[in-house]
Amino acid sequence: MDIRDLIEPFGLTTDSLQQGTLEVRTPIDGTPVARLAEQGPTQIDAAVARARAAFEVWRDVPAPRRGELVRLLGEELRTHKDALGRLVSVEAGKILAEGQGEVQEMIDICDFAVGLSRQLHGLVIASERPGHRMMETWHPLGVVGVISAFNFPVAVWSWNAALALVCGNSVVWKPSEKTPLTALACQALFERALVRFGDAPQGLSQVVIGGRDAGMRLVDDRRVALVSATGSTRMGREVGPRVAARFGRSLLELGGNNAIIVTPSADLDLATRAILFGAVGTAGQRCTTTRRLIVHHEVREALVARLKKAYASIRIGSPLEADTLLGPLIDRAAFDAMQAALGQARAEGGSVSGGARTLQDRYPEGFYVTPAIVEMPEQSPCVHHETFAPILYVLGYDTLEQAIALQNAVPQGLSSAIFTNDLREAEQFLAASGSDCGIANVNIGTSGAEIGGAFGGEKETGGGRESGSDAWKAYMRRATNTINYSRALPLAQGIRFGDD
């Protein structure tokens, strides 16, 4: 493939992408597409300094005016949706529809943020003191550091950046070292929006290229008020305590081990389609991927037969080919992790269908696999672990209480779903004693989420919330204000002090 055609819409040149030691390979066939220069500590510190200076100007810009910049960014994304979506496919291995769908998420969050820029309001609270008014106000937080993962190389930045910007913050983005080209393309589009906007401060949004050390430089910098990090639970265990040690804020979006419960009353056609996309989409490399199927014994055999038939019809191939449904894993390490998980599943009594490497003759350095269905006798240790690959573990149950207990018994708590036509079962699943995940769905799968709702999970998923609802509050600081418009000075709780 000619990388020049992919980067030309963003004003990037091949010369600028061949000046360093960070090798970027496309998972389609494993060939190198760029060698980028990494930023060192001094350069990252300077980027944070520019971001801090930009914040001190941007925080005083009226929020609706800040929303205008995000609106212009949304326009640039609309114009370049196909080009950016294709670059996502080349760099992350997603099929074209998913690459463009990710860019659509960016457009949607920009739309949401523009509306939000006129709704950053607090409460008016009843005061116990006569002649007083109490209220809360929300103020910009500071520099927001965004550390994103390869599987959603551009959407995660936009979820954070669009909200952070309308809230009055600046952003420093450290993308995955596996997918930095899409980050540079997004930065180029943002800079075009800046030119059209006219009077935004320099350094409002910046990209730093590098690996773990670059990310940790942001994590440890006291000038970075909020670190929003997306990645593995292992990464979160490092980031969270280090940010907390300096009393900074962290927003963690970590692993998922998502389950779908299928009851006897479920529409099996509907469930089959949801499970297929949830388990196979993005080659099983979404945090919301369906990894566990907990199905009632009455319908287990029939549903597994449907799934195996559906799996057999999946076209595996280059994500750039229009009829492909399953592209490659990101790299060899992902393939090796998948094989290790399947080996452990067999050792723990599992029956494995699929999971082998394919297309190696055509793509010797591309790691394509057939998706795996693993029928397990119980929820053993391998099922508790999130493997970023298209592996679906199948478990049986007798009562809904057993099914919910199985679902909640893993360390992660991101997304969950139940397929049922029984109102009582649906409500039980959504109740406080039901799913313990941040996302709980009825008759829709685990994978993907709408912009309007807060996205995130509990337990080892990290507890963070991004995107819709009131997730914007993570990017602001709250102040409680009391205004005395009387001529007296009554103290709270009726306290009398001195001559009062």
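Select helices α3 and α7, where R65, E68, L69, L72, L73, E75, E76 and L77 of α3 meet L189, F190, R192, A193, L194, R196 and F197 of α7; contact means heavy atoms within 4.5 Å. By class, this contact has nine nonpolar, no polar and six charged residues. Here Ala, Val, Leu, Ile, Met, Phe, Trp, Tyr, Cys and Pro count as nonpolar, Asp, Glu, Lys and Arg as charged, and the others, Gly among them, as polar.

This is a predicted model, in which local features need pLDDT of at least 70 and side-chain atom pairs count only at pLDDT 80 or more, while totals for chains, interfaces and linings use all residues. Residues are numbered from 1 along each chain as its sequence is written, and side-chain values use heavy atoms, leaving out hydrogens and water.

Stay with this pair and display the axes. Those of α3 (residues 63-79) and α7 (residues 180-197) come within 8 Å and cross at roughly 130°. That makes α3 oblique to α7. Axes are lines fitted to C-alpha atoms, for helices over the stretch in contact, and angles run from 0 to 180 degrees between N-to-C directions. Angles under 35 degrees count as roughly parallel, over 145 as roughly antiparallel, 65 to 115 as roughly perpendicular and the rest as oblique. Helices (H or I, at least four residues) are DSSP runs, numbered from the N terminus.

Next, select α2 (residues 41-58) and α8 (residues 212-220), whose axes come within 10 Å and cross at roughly 40°. These two helices are therefore also oblique to each other. P41, I44, D45 and V48 in α2 meet A214, R217 and L218 in α8. This contact has five nonpolar, no polar and two charged residues.

Move to V239, in helix α9 (residues 233-245). At 1% relative accessibility, V239 counts as buried, a term for under 20% relative accessible area, with exposed over 50% and partly exposed in between (1.4 Å probe, protein chains only). Beyond residues up to four places away in sequence, V239 touches M216, V219, V227, A229 and L252. For a distance across the model, take V239 and E301: they are 62 residues apart in sequence and 43 Å apart in space, C-alpha to C-alpha.

The structure holds zero disulfides, a disulfide being a pair of cysteine sulfur atoms within 2.5 Å. For C167, the nearest cysteine sulfur, that of C110, is 13 Å away. C167 is buried, with a relative accessible area of 0%. The sulfur of C382 is 19 Å from the closest cysteine sulfur, in C437, too far for a bond. C382 is buried at 2%.
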